[in-house]
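Please look over the structure below. The briefing then takes up helix packing, the surface and charged pairs.

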Amino acid sequence: MNKSYGESDINLKFWIELSRLNLVIGRNIFTPIKTFDLSPVQFAVLEALYHKGQLSVGQIKDSILTTSGNLTVVINNLEKRNLISSCPGEDRRVKLIDITEEGARIIEGVFPSHVELLDEILNFYEEDEKIELITLLSRLRENILEEKQ
């Protein structure tokens, strides 16, 4: 029995394609970080700290789009490897995280390959097409967030 859901069929296909694309890009884009024994989330934390400087745990969470529970484990593991350091902020309830020299060295070693792979994958589109896709996807995200408020 093959039911048709009309517009929902298109929405389901759209979601499936976005999900598949995310998986395919994820499998390819994070290849260079494996040589440094980093998970994608660990890489994201290091990259955020490298490019933005010292951040609170909350700022990192917002920056890399992950959950706070998972982030605590990630931060603890990076700290054990001496890739980041932490200290209390002015408000003792806030923990500030910074990248160490070793963490910066790793990002400097892997980030160029990461960007190169991203360019290879996404240069399929012309610049104006990418801008249009960015606009469309941003509008969708903003609409979803507005509806939740």
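**Helix packing, surface patch and salt bridges**

Helix 1 and helix 6 cross in a right-handed manner. The model is a predicted one. Two packed helices are described by the angle between their axes and the distance between the axes.

**Helix 1 against helix 6**
- Helix 1 spans residues 7-29 and helix 6 spans residues 101-122.
- Their packing angle is about 145 degrees, and the axes lie 10 Å apart.
- Helix 1 makes the contact through I25, N28 and I29.
- Helix 6 answers with H114, L117, L118, I121 and L122.
- By class, six residues in this contact are nonpolar and two are polar, with no charged residues.

**Nonpolar surface patch**
- F14, F124, Y125, L133, L136, L137, L140 and I144 make up a nonpolar patch on the surface.
- Together they have about 730 Å² of accessible area.
- Helix 7, residues 127-148, gives the most to the patch, with five residues.
- Y125 sits in the loop between helix 6 and helix 7.

**Salt bridges**
- The whole structure holds five salt bridges.
- E17 and R20 are three residues apart in helix 1, so about one helical turn separates them.

Key
Residues are numbered from 1 along each chain as its sequence is written. This is a predicted model: local features need pLDDT of at least 70, side-chain atom pairs count only at pLDDT 80 or more; totals for chains, interfaces and linings use all residues. Side-chain values use heavy atoms; hydrogens and water are left out. Axes are lines fitted to C-alpha atoms, for helices over the stretch in contact, and angles run from 0 to 180 degrees between N-to-C directions. Helices (H or I, at least four residues) and strands (E, at least two) are DSSP runs, numbered from the N terminus. A crossing is left-handed if the near helix is turned anticlockwise from the far one by less than a right angle, and right-handed if clockwise. Contact means heavy atoms within 4.5 Å. Ala, Val, Leu, Ile, Met, Phe, Trp, Tyr, Cys and Pro count as nonpolar, Asp, Glu, Lys and Arg as charged, and the others, Gly among them, as polar. Patches are made of residues with over 30% relative accessible area and no salt bridge: like charges are joined within 9 Å, nonpolar side chains (Val, Leu, Ile, Met, Phe, Trp, Tyr) within 5 Å. Accessible areas come from the Shrake-Rupley method with a 1.4 Å probe; for residues, only the protein chains shown count as cover. A salt bridge is a side-chain nitrogen of Lys or Arg within 4 Å of a carboxyl oxygen of Asp or Glu.
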